[in-house]
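Notebook open, model loaded. I'm jotting down what I look up as I go.

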Amino acid sequence: MTLTLIPTTLSGAVTPPPSKSQAHRLLIAAALAEGESVVRNVSLSQDIEATLRCLAELGAEWTLEGDVVTVRGMGANPMSPHRRLALPRLDCGESGSTLRFLIPIALAVRGGGIFTGRGRLMDRPQKPYFDLFDRKGIFYEQKDGVLTVQGRLLPGEYRLPGDVSSQFFTGLLYALPLLEGPSALIPTTFLESEDYIHMTLQAMGTFGVEMPATLSLPPQYHPQGNQTYRPGQAAVEPDWSQAGFWFAAGALGSPVEVEGMTVPSLQGDWRYLELQEAIYAGTGPEVAVDVSQNPDLVPPLAAAAALAAGKTTRLVNAGRLRIKESDRLASATAVLNALGADVTEGKDFLLIRGREMLRGGATVDSWGDHRIAMMTAVAATRCENPVILTGAEAVNKSYPDFWEEYTRLGGKVESGEETP
């Protein structure tokens, strides 16, 4: 889908969609339980649809009424009869969370699975799991965009690097309590995005599973085995990573009021305003903003920094952005510079010299990345000329109503490539 974005000021109140990160976690815990659970305030973005689709293949059932998902869980336990069934085929769409969360879960409840996906998903690295499987004697094969994993998870010690993705830890945290004895999950390096692990532990606790942790740095996790998830009820918070785009629009001069946000939140991205303030309030020739714990916030922060006139911002410790839906260091640089920004891409950072306005007047692509599409929409509000965005439908991955909300707030959007 191609849209022409006419520069204008946004105004009004908006409530971001439910947190995709929290919804994944609550729905998975509910699906592992035995009995009926209810999860409220769920938005069926493409990523959440992928998780629900895969949970059904694993043995759970679910129904949707409005924004309420009722889940009849599979009753996962060490003696589950599901383990004797054929390997499930799990279409993860473009959802990295779905794929990485469910690999260990599929091993625990079905003895493995056959995983497929679209876009860049099956090219995204799974090495921490593969190294672990080599040590544990678990079969895996990745060929022609299909990943087959088969074997048995056994209680024991599991060591993973903490600086690749917290998603690997979340998958194991869900699976290890289902095994026949105690285990230990030990980060071998500094643990990045630790707030996402706290969100996982909160979801597990809501559905009755305990996860003792040490107070060491980094923390270690010691799940007891033979646990069962119990049915429960939960509600999903509005998404702070999506709220970042509306807060960025506010920083660029659009009086947008973001409603419904929880402060503080288990979502680590609730620190968006703190990071944005560091950009605008920074003194000296350059301000460094560490995004290692909040990589999803880089696109809105980059838009805000590109239009922080007179400020030079370095978004640092951002190397993991190269393995997202796009290489976000490359895509954010290409799009913003095409609009007239001054962005330099480094190996694991962006150096951004802020300007008063951007010229616009360019055709840019979303790179198939929902966050790059939304970044473009925000930056377009401060362009001198219209912006043509191709691949605008990428927002459906996480925020299906984004363009509807954008126009409701006064954004001017025209279909097609003709500028007015």
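I started just past helix H7, where Gly-253 takes a positive phi of about 110°. Helices here are DSSP runs of H or I with at least four residues, strands are E runs of at least two, and both are numbered from the N terminus.

Ground rules before going further. This is a predicted model, with local features needing pLDDT of at least 70 and side-chain atom pairs counting only at pLDDT 80 or more, while totals for chains, interfaces and linings use all residues. Residues are numbered from 1 along each chain as its sequence is written, and side-chain values use heavy atoms, with hydrogens and water left out.

**H7**

I checked the span of H7 (residues 240-251): its 12 residues reach 16 Å from first C-alpha to last, close to the expected 16 Å (1.5 Å times one less than the number of residues). Is H7 enclosed or open, and why? It is largely enclosed by the rest of the structure, because 10 of its 12 residues are buried (under 20% relative accessible area; exposed is over 50%, partly exposed in between, 1.4 Å probe, protein chains only). Trp-240, Phe-245, Trp-246 and Phe-247 are among the buried ones. The cover over them includes strand S13, helix H8 and helix H11 (370-380).

**Loops**

A cis peptide bond joins Val-263 to Pro-264, with omega about -10°.

I also looked at two non-glycine residues with positive phi. Asp-144, at about 55°, sits in the loop between strands S8 (139-143) and S9 (146-150), and is exposed at 72% relative accessible area. Asn-317, at about 60°, lies between strand S15 (312-316) and helix H10 (328-338), and is partly exposed at 40%.

**Hairpin**

S4 (residues 61-65) and S5 (residues 68-72) pair antiparallel over five bridges; pairing takes at least two DSSP bridges. I find Trp-62 opposite Val-71. Two residues separate the strands, and Gly-66 has a positive phi near 65°.

**Cores**

Which residues touch the most other members of the largest nonpolar core? They are Leu-32, Phe-115 and Tyr-229, out of 66 residues (a core is a set of buried Ala, Val, Leu, Ile, Met, Phe, Trp, Tyr and Cys joined through side-chain atoms within 4.5 Å). Helix H3 (residues 96-110) gives the largest share, nine residues. Apart from this core lies another of 63 residues, including Val-287 and Leu-329.

How values were computed. Contact means heavy atoms within 4.5 Å.
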